[in-house]
Amino acid sequence: MIEALSRIRAEALAALDRCHGEAEVEGIRVRYLGRKGELTNVVRQLRDVPAEERPAVGVRLNEIKDELERRIDESLSRARAAARAQRVAGERIDVTLPGRRPARGSLHPIAQVMEELIDIFCTLGFSVAEGPDIEDDYHNFEALNFPADHPARDMQDTFFVEGNLLLRTHTSPVQVRVMEGRRPPLRVIAPGSVYRHDSDVTHSPMFHQLEGFMVDRHVTFGDLKGVLTYTLQRLFGSGTPVRLRPSFFPFTEPSAEIDIGCFRCGGRERTCRICKGSGWMEILGAGMIDPNVFRAVGYDPEEVTGFAFGMGIERVVMLLHEINDIKLFFTHDVRFLRQF
Amino acid sequence: MRVSLNWLRDFVQLNMDTASLCERLTMGGLEVDAVEEVGAAIASVVVGEIVRMQPHPQADRLTVCQVRIGTGPAVPVVCGATNMKAGDRVAYAPPGTTLPGGRVEEREVRGVRSLGMLCSEAELELSGDASGLMILEREAPLGERIGVCLGIEDTVVDVAVPPNRGDCLSVLGIGRELAALAGLRVRRHRIGVRERGTPAADAIAVRIDDVSGCGRYAARVVRNLRIGASPRWMQQRLVAAGLRPINNVVDVTNYVMIERGQPLHAFDYARLPRPEIVVRRAGASASFETLDGVPRVLDPDDLLITTGEEPVAIAGVMGGAETEVSASTSVVLLESAWFEPSRVRRTARRLGLHSEAAFRFERGVDIGGVPAALDRAAALLERIAGGEVARGMVDAYPRVERPAPVHVRLQRVEEILGAPVTRGDVVRTMKALGASVSAAARGTLTVMPPTYRLDLSREIDVIEEVARVRGYERIAPTMPAVSLDGGVVPERMRRVGGLRRLLAAQGMDEAVILSFASPRLNECFRGIGVKPDPVLIVNPMSRDESQLRLSLVGGLVTAVRQNRSQGVSRVAVFSVGKVFWKDTGPQEGWRLAGVWAGEVPDQGLGGRRPAEFADIKGVVESVLDHLRLTDRTSWKPLLEVPAFHPGKSAAVMLADEFAGVAGCLHPDLEVEFEIEGANWFFELDLEKLLAYLPARAVFRELPRFPAVVRDLAIVTEEQFPSGRVIHFVRQWGHPLVETVVLFDQYVGAPIPPGMKGLAYSISYRAADRTLTDDEVNEAHAELTAALSTALPLELRR
């Protein structure tokens with residue numbers, strides 16, 4: 001009996017060594033371990049073995065069965081691994097085919113820069129306010145210290161709307177509206193569309209501004225300089241030179257134009273298309289809020305001081321992206337829009 | 001303001017180069033926009049002498065001149081002019097010179113070598129004279145640049161003068177300013193007027209009836225004038241300033257205006273109806289012909305210069321044709337006056353007459369400088385036009401204007417500027433600007449501004465001057481110490497930002513659309529949530545931009561067309577913006593709109609297909625979902641908006657209110673706007689959508705027991721809206737029904753023609769137990785029975 005078992009074992013192991021592929025291994029399992037398999041037949045013959053030999057034969061039988069099962073499982077894993085290796089060796093996709101990606105759109109460059117500015121000012125504690133596009137003369141001009149029949153109004157060619165109204169020429173009326181409704185301290189920015197009767201490669205009848213102002217006790221011209229220098233350096237890069245030069249706006253005094261050093265040529269190219277060789281680019285207008293504006297909104301200019309500024313967004317975007325015609329912003333050409 | 005530096009040197013000694021001068025002015029608030037080198041175009045043209053002349057051997061009309069420009073040998077120049085002779089000094093352009101008319105080269109002229117060119121005044125653009133060569137004075141130094149020799153080389157800087165600085169609209173004004181900024185001295189000139197003959201007061205009387213309109217009116221009479229061209233130096237300076245020389249009298253008035261900022265007017269004395277000047281309101285005077293020959297309709301409030309009855313000039317704006325100086329004029333009445341700025345401005349604007357004079361009066365001239373300007377003009381007329389200045393000046397100055405003193409607190413200066421400023425700083429600055437300064441109470445100064453600084457009337461004006469003249473760079477940047485509250489972005493803006501990102505993430509490009517619309521666009525696209533009347537612009541740039549838009553859709557239609565004209569047919573664009581309409585007053589509100597035109601965005605191979613309603617509806621649904629409004633919205637066919645296709649468009653209803661549209665344009669409009677094809681639009685009323693503030697989400701327990709799904713297949717008419725089944729199931733409200741979803745729609749066999757099959761899957765679930773088959777079967781049977789009774793459909797097995 002023992003010999004028969006050893007013979008079966010030797011045959012089975014030899015068959016395993018010879019076989020290829022998962023199917024053949026499974027065939028060997030059936031032939032030796034299956035219900036009618038050779039080893040199973042031996043089990044059936046066990047009752048014919050004399051009782052005193054039975055335990056030894058039983059032990060040997062189980063040893064061989066376990067061994068065969070183990071060896072068959074191993075062969076099976078090997079066969080499967082070999083089959084996988086063969087499959088992998090044959091599987092090749094064209095990785096240069098285009099991806100099936102969800103289409104990606106774009107945010108308008110004006111909106112992007114506007115958001116960037118809003119983020120910067122929000123970190124400085126400025127809150128956002130908005131006002132109407134259709135304004136009255138009082139908020140757009142008079143309360144901002146533009147007297148009627150004053151040449152300062154020539155600085156802003158106005159669209160008039162029926163009913164003695166106008167399209168705001170700047171976002172500064174939001175200053176007046178916020179101050180009318182609230183008391184200092186105030187730190188506010190006001191983004192929005194503004195309108196001027198003007199059209200060429202750098203002027204569009206509608207464009208965008210970001211207005212900002214701060215009113216509190218002891219706000220100084222030095223603060224104006226500090227806050228705007230910080231902001232411009234965050235937008236255009238730290239180390240960007242910033243200079244203030246005197247200017248005139250009816251609603252601020254002292255007033256300043258703020259220039260940044262040309263980030264393209266640094267003032268080294270006489271024919272630089274960005275700065276025109278001056279080395280400087282005008283970026284925004286600012287100043288200390290005129291006492292007359294405070295009086296118009298019922299603040300006491302002896303109690304509070306403040307600064308205000310206004311930035312043309314298109315101009316900033318044109319500089320940042322070297323865009324040469326303002327009309328591109330508004331012609332909706334998707335080949336333009338998708339570049340940002 | 002164009003400023004000739006040669007002229008400026010009459011008033012200040014310029015000890016700096018042009019670049020530093022521009023820097024000084026710019027950093028002092030007078031921005032230099034441009035610098036022009038006068039004479040640069042003819043910089044290589046030099047003085048030459050014609051040594052010998054001989055006729056050209058091959059051409060009767062040409063002469064061969066031997067020209068020398070120094071000690072070197074003479075060179076041959078072939079010349080067609082005839083007005084020269086040997087020994088003349090002429091303008092010689094050597095080969096290689098580029099003249100306004102072209103480049104001069106060495107060349108052969110009919111077999112004779114010619115080295116360069118002899119020039120006429122016209123060829124040098126010095127005048128229109130092309131009749132012959134420009135013959136120079138005998139003393140003209142050989143080899144010297146023509147520009148230097150004639151004194152025309154000059155630098156002109158174009159200064160942007162802000163509207164509050166009328167005092168800088170003159171060479172003297174810029175000189176004063178530069179002196180203050182650069183620490184220079186202003187040269188003072190004595191104006192010597194030689195007076196002769198009958199006193200002016202005997203020849204003219206001046207009366208100011210409208211004292212608020214005319215603060216001062218001074219006049220002189222100049223006799224025995226010979227009208228002619230003014231001398232070259234004066235013409236050159238006028239041209240440099242941007243003015244056209246006319247005749248000596250007019251040129252003198254302009255010259256003094258540019259030099260001193262005081263506009264002057266010269267009347268032909270003989271043509272004044274009466275020897276009297278009365279300054280008054282126009283009142284009943286209806287019309288008047290100005291010297292440009294145009295009859296002007298007057299407003300009663302216009303300020304006129306009259307001889308009592310007859311108007312002779314519109315004060316500060318333009319003189320009359322009748323009394324204009326002409327070739328036969330021999331006696332003039334010179335006017336130097338101060339008119340009220342806003343009066344001049346109103347009239348000039350109404351008449352559209354933006355003269356140099358009006359420009360200066362509007363910005364305020366120096367009332368104290370009125371007589372000096374008059375004297376300067378009279379002296380010049382005597383010098384260049386042979387005039388005899390009548391004795392005395394008639395000066396009507398009813399109320400002598402003195403600038404009010406300004407009190408300045410030194411502490412306030414530092415409070416505003418945030419930088420240390422001493423008493424000495426303020427005193428020095430203000431004195432440099434021509435003010436007188438005296439000490440008042442402790443810590444306070446009293447500043448008396450000069451008469452020409454009308455803008456210095458308040459403490460803050462003085463503070464600005466201190467900062468400006470000393471330089472903004474001397475104020476150190478500081479960061480304010482503030483309370484930490486703030487940094488608030490309005491909820492609306494924050495949520496719109498989320499929507500814009502959502503749409504961009506779905507492949508749409510953001511466009512910014514101008515707020516304007518043409519009448520036709522507003523007629524076609526009447527918007528949502530707006531009244532039908534558009535807001536009209538009184539002074540539009542064009543008819544296409546004469547109204548404010550009622551809807552964003554018109555702009556998107558234009559966007560599709562513009563892209564198509566560029567050969568781009570696949571357009572997925574959205575825009576957020578305001579629309580405007582008229583109610584009792586103008587109203588404005590935010591809208592979100594988009595278009596999906598052509599094929600859907602590329603998604604790898606085989607991703608191309610024309611956009612369809614489901615694409616745009618999906619976009620809108622994602623917006624509603626983002627705002628958590630899905631449960632509050634419903635879709636129904638859009639029948640009542642004529643811009644949209646009645647069978648292919650939907651109204652988006654938000655809690656039974658019309659809150660948006662989605663669909664395709666009416667084919668008539670597609671034809672009209674040239675955008676035929678698959679174009680799907682939507683527009684949403686953000687005011688309505690954003691009025692719902694979504695509550696913070698409240699967590700729901702995750703289901704612990706499995707759902708059982710049963711399918712429901714029906715056959716119904718093709719026109720039957722599939723959403724009715726879903727709506728019905730939700731309304732029916734069985735507690736075990738969890739969701740109902742349409743998963744298939746099909747037509748064709750075995751479904752009969754005109755009918756369609758719809759397949760829904762309904763999910764049943766209980767929160768507290770696993771449902772048994774019997775329970776689900778019972779609920780499903782109830783539901784199908786209810787459905788087939790309530791709706792026109794048949795169940796399919």
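The legends below describe close-up views of a predicted model.

**View 1. Packing of helices H5 and H8 in chain A.**
Helix H5 of chain A spans residues 109-123 and helix H8 of chain A spans residues 221-236; their axes lie 10 Å apart and form an angle of about 135 degrees. The two helices H5(A) and H8(A) are therefore oblique to each other. Their crossing is right-handed. On the H5(A) side the contact is made by A:Glu116, A:Leu117, A:Ile120 and A:Phe121, and on the H8(A) side by A:Thr231, A:Arg234 and A:Leu235. Sorted by class, this contact of H5(A) with H8(A) holds 4 nonpolar, 1 polar and 2 charged residues.

**View 2**
In chain A, 7 strands build an open sheet with mixed pairing, in the order E1-E5-E6-E10-E9-E8-E7. Strand E1 (127-128) and strand E7 (242-249) of chain A are the edge strands, and each pairs on one side only. Within the sheet, strand E9 (residues 280-289) and strand E10 (residues 305-312) of chain A are paired in the antiparallel sense through 5 bridges. A:Gly285 has A:Gly310 of E10(A) opposite to it. Helix H10 of chain A, residues 313-321, lies across strand E6 (206-216), E9 and E10 of chain A and runs at about 55 degrees to E10(A).

**View 2. The contact between chain A and chain B.**
Chain A contributes 78 residues to the contact and chain B contributes 79 residues. On the side of chain B that touches chain A, helix H13 (residues 459-470) of chain B gives the most, with 6 residues. That side of chain B comprises 41 nonpolar, 22 polar and 16 charged residues.

An open sheet of 3 strands in chain B has the order E27-E29-E28 and antiparallel pairing. Strand E27 (406-409) and strand E28 (436-439) of chain B stand at the edges with a single partner strand each, so one side of each has no neighbour in the sheet. On average, and with direction ignored, neighbouring strands of this sheet are turned by 30 degrees against each other. E27(B) and strand E29 (residues 444-448) of chain B run antiparallel and are joined by 4 bridges. Opposite B:Val406 stands B:Val447 in E29(B). Helix H12 of chain B, residues 423-432, lies across E27, E28 and E29 of chain B and runs at about 0 degrees to E29(B). H13(B) also packs on the sheet, where it touches E27 and E29 of chain B, and its direction makes about 60 degrees with that of E27(B).

**View 3. Crossing of helices H11 and H13 in chain B.**
Helix H11 (residues 410-417) of chain B and H13(B) cross at roughly 65 degrees, and their axes come within 10 Å. The crossing of H11(B) with H13(B) is right-handed. The contact of H11(B) with H13(B) divides into 6 nonpolar, no polar and 2 charged residues.

**View 4. Strand E13 of chain B and its partner strands.**
Strand E13 of chain B covers residues 154-160; 5 of its 7 residues are buried, so the strand is largely enclosed by the rest of the structure. Strand E1 (residues 2-4) of chain B runs antiparallel to E13(B) and is joined to it by 3 bridges. B:Arg2 has B:Asp158 as its bridge partner in E13(B). Strand E2 (residues 31-38) of chain B pairs with E13(B) in the antiparallel sense over 7 bridges. B:Ala160 of E13(B) stands opposite B:Glu31.

**View 5. Two residues of helix H6 in chain B.**
B:Arg232 lies in helix H6 (residues 232-240) of chain B, and B:Leu238 is also placed in helix H6 of chain B. B:Arg232 counts as partly exposed because it has 14 C-beta neighbours inside 10 Å. B:Leu238 is buried, having 20 other C-beta atoms within 10 Å. Neighbours within four places in sequence aside, B:Leu238 is in contact with B:Leu243, B:Pro245, B:Asp251, B:Asn254 and B:Tyr255. The C-alpha atoms of B:Arg232 and B:Lys688 are separated by 73 Å, with the two residues 456 residues apart along the chain. For B:Leu238 and B:Ala767, 529 residues apart in sequence, the C-alpha to C-alpha separation is 95 Å.

Technical notes:
Residues numbered from 1 in each chain as written. Chains lettered and ligands numbered in written order. Predicted model: local features only at pLDDT ≥ 70, side-chain atom pairs only at ≥ 80, totals over all residues. Axes fitted to C-alpha atoms, helices over the stretch in contact; angles between N-to-C directions. Parallel < 35°, antiparallel > 145°, perpendicular 65-115°, else oblique. Left-handed = near helix turned anticlockwise from the far one by under 90°. Contact = placed C-beta atoms within 7 Å. Nonpolar A, V, L, I, M, F, W, Y, C, P; charged D, E, K, R; others polar. Pairing = 2+ DSSP bridges. Buried ≥ 20, exposed ≤ 12 C-beta atoms within 10 Å, placed from the backbone.
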